[in-house]
Amino acid sequence: MMEFTEKDKEQLKSKGISETKVSAQIETFKEGIPFVNLQRAAVVGDGIYRFTKEEEEDLVRSYETNAKNLSILKFVPASGAASRMFKALFNFLDAYDPTEETFDAYLERSNDKDLKVFAEGIKNFPFYQKVKDRLNQESATKGEEVYAFVSEMMGEDALNYGFYPKGLLPFHQYDNNTATPFEEHLKEGALYGASKGNAKLHFTISEQHEEMFKEEFSQVGTRVSEATGTAFTVGYSFQKSATDTIAVDMNNKPFRNNDGSVLFRPGGHGALIENLNEQDEDIIFIKNIDNVAVMRDADAVAQSKKILAGVLLNAQKKAFDYMRLIQGDGVDENQSAEIKQFLESKLNARFAGDYDRLTKEEQLKALQEKLQRPIRVCGMVKNEGEPGGGPFWITNAQGELSLQIIESAQIDMDDQKQVAILKNSTHFNPVDLVCGVRNQKGEKLDLLKFVDHKQGFITSKTKDGKELKALELPGLWNGAMAYWNTIFVEVPLVTFNPVKTVNDLLKPSHQG
């Protein structure tokens, strides 16, 4: 156990972090986090479902028929700041002086391809007119024009877009209106997340942006409500400081700030399992804030979400029926085999090799344990070279085969066999989930019981010129859901439109 000073103890208390938790995190740094053990890529027919047109229509019907009797929530991780989106623009402001060289000379000197694309497409950005109107001046050269434009976008005393959360930036242009991702999520929510004329959305945001989000809702909520015929209930929560993780130096000792306090860092999106655990709805859709398309694609996106929800409802109904059967008068041998077959073929559960040697009571206990898990149905997109985690069969620490979403950082790139499995991957994870978090009695399951704490990440960072090691918690859709029942479904590319850099807004899916 690490020795804590009185000052350390006060700091931990103020953050709501126990000494035991910090000591366990330091042990994790010392032991390291093992790479995952990939067995094979999940592909269509082996871990990923692909449905016919008729099957898709049946699934949509199933969801639409049941939706009016369900409580539905759209859960949107939205704390991402826009600063990373504008990295190329910040670099440009630092590296270019329009009085010293021409714009073409700068592009040739720097080989800045991102800035070239930005400048060529400048009139097609949804914020173009807003920035132009604020400038109120004509530039003598191309360099002055682009520099003035970017300065107006990024300047702290100007629009200050770098400070904005991604969710509140202008993403799409419609005639005379621009729309933020926040607004687009409301419109989407009306299409597939409404029940009895009301759509409920929950955004996880940074505390510093709360008033900005509330202001945006007051600006656009009524307009979207009237256009969609839907009322909206919008909630917010913040990443808890109790989920921050300790940073250590290269000798695995707590990294201390210049004032002697221990450095804690946000634990990554895996911390949001706590926020998700506080939601209590029949069905929860999860989708990232920056993954929105212009509204002409909205119906196709909504259709895909309804298919995933139909899959969830069908699987959940069967699982609930089997749990009631087991807890009723008991099951015979044939029914026990039927339940095991359902778990393996529909919920991708796998059983230990000695299952057949267990007593009837032990087998029933094993079946109940698998049935009493939250269910996630995850959309998977064909791999078109985009970065992101992918679907794999892995062997976990207990020696069980399970279906997981794995990031490349979790894979040993020095192991040729593991790299070969990675290269066989045909699909990747667009963060497109529908979750069932209740049991057959309608009680919400405790999601914190289904986390694999050994699936976090250790990363290298620097602070004040000193190297440190940081710990990221198991990702929300990675280790934080490792012990959920998992179903992967192929979804169309139209459902995946992330904006990682400002130039992504020039892609057709973001152009009206």
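Trainee: What volume does the second largest pocket have?
Mentor: Please keep in mind that this is a predicted model. The second largest pocket is lined by 25 residues, and by class these are 12 nonpolar, 8 polar and 5 charged. The space they line has a computed volume of about 500 Å³.

Trainee: Which element gives the most to the lining of the second largest pocket?
Mentor: Lys21, Gln25, His453, Leu473 and Pro474 are the lining residues that lie nearest the centre of this pocket. At least two residues of the lining are supplied by each of α2 (19-31), α11 (273-277) and β19 (466-472). The element that gives the most, with 4 residues, is α2.

Trainee: How much space lies in the largest pocket?
Mentor: The lining of the largest pocket, sorted by class, has 17 nonpolar, 18 polar and 14 charged residues. The space in the largest pocket comes to about 1800 Å³.

Trainee: Which residues that line the largest pocket are the closest to its centre?
Mentor: The lining of the largest pocket draws at least two residues from each of β8 and β18 (457-463), and β18 provides the largest share, 3 residues. There are 49 residues in the lining, and the closest to the centre of the pocket are Gly80, Arg84, Gly268, His269 and Glu472.

Trainee: Turning to the cavities, which strand gives the most to the lining of the largest cavity?
Mentor: The structure holds 4 cavities of 30 Å³ or more, and the largest cavity has a volume of about 160 Å³. Its lining takes at least two residues from β15 (401-406) and at least two from β20 (485-490). The strand that gives the most, with 4 residues, is β15.

Trainee: Which residues lie nearest the centre of the largest cavity?
Mentor: The lining of the largest cavity divides into 7 nonpolar, 6 polar and 4 charged residues. It is made up of 17 residues, and those nearest the centre are Asn348, Ala349, Arg373, Ser402 and Trp484.

Trainee: Is asparagine 348 buried or exposed?
Mentor: Asparagine 348 is found in the loop between α13 (333-345) and α14 (360-371), and its phi is near 55°, a positive value in a residue other than glycine. Most residues other than glycine have a negative phi. Because the relative accessibility of asparagine 348 is 9%, and under 20% means buried, this residue counts as buried.

Trainee: And is lysine 196 buried or exposed?
Mentor: Lysine 196 also has a phi near 55°, which is positive in a residue other than glycine, and it is found in the loop between β7 (194-195) and β8 (198-205). Its relative accessibility is 73%, and because a value over 50% means exposed, lysine 196 counts as exposed.

Trainee: Which helix gives the most to the lining of the second largest cavity?
Mentor: About 50 Å³ of space lies in this cavity, and among the residues that line it are Ala319, Phe320, Met323, Leu371 and Arg438. By class, the lining has 5 nonpolar, 3 polar and 2 charged residues. The helix that gives the most, with 3 residues, is α12 (residues 298-327).

Trainee: Are α3 and α12 roughly parallel or roughly perpendicular to each other?
Mentor: Residues of α3 including Glu56, Leu59 and Tyr63 take part in a contact with α12, where the residues include Gln303, Ile307 and Leu313. The residues of this contact divide into 7 nonpolar, 5 polar and 3 charged. The axes of helix α3 (residues 53-67) and α12 come within 7 Å and cross at roughly 75°. Because angles of 65 to 115 degrees count as roughly perpendicular, the two helices are roughly perpendicular.

Trainee: How far apart in space are lysine 132 and asparagine 176, C-alpha to C-alpha?
Mentor: Lysine 132 has its place in helix α7 (residues 128-135) and, at 25% relative accessibility, counts as partly exposed. Leaving aside residues up to four places away in sequence, lysine 132 touches Glu145 and Phe149. Asparagine 176 is 44 residues from lysine 132 in sequence, and their C-alpha to C-alpha distance in space is 15 Å.

Conventions: Residues are numbered from 1 along each chain as its sequence is written. This is a predicted model: local features need pLDDT of at least 70, side-chain atom pairs count only at pLDDT 80 or more; totals for chains, interfaces and linings use all residues. Side-chain values use heavy atoms; hydrogens and water are left out. On a 1 Å grid over the protein atoms alone, a cavity is a set of points where a 1.4 Å probe fits but cannot get out, and a pocket is an open set with protein on both sides within 12 Å along at least five of seven lines; lining residues have an atom within 4 Å of a point. Grid points are joined across faces, edges and corners, and a volume is the space filled by probe spheres set on the points. Ala, Val, Leu, Ile, Met, Phe, Trp, Tyr, Cys and Pro count as nonpolar, Asp, Glu, Lys and Arg as charged, and the others, Gly among them, as polar. Buried means under 20% relative accessible area, exposed over 50%, partly exposed in between (1.4 Å probe, protein chains only). Axes are lines fitted to C-alpha atoms, for helices over the stretch in contact, and angles run from 0 to 180 degrees between N-to-C directions. Angles under 35 degrees count as roughly parallel, over 145 as roughly antiparallel, 65 to 115 as roughly perpendicular and the rest as oblique. Contact means heavy atoms within 4.5 Å.
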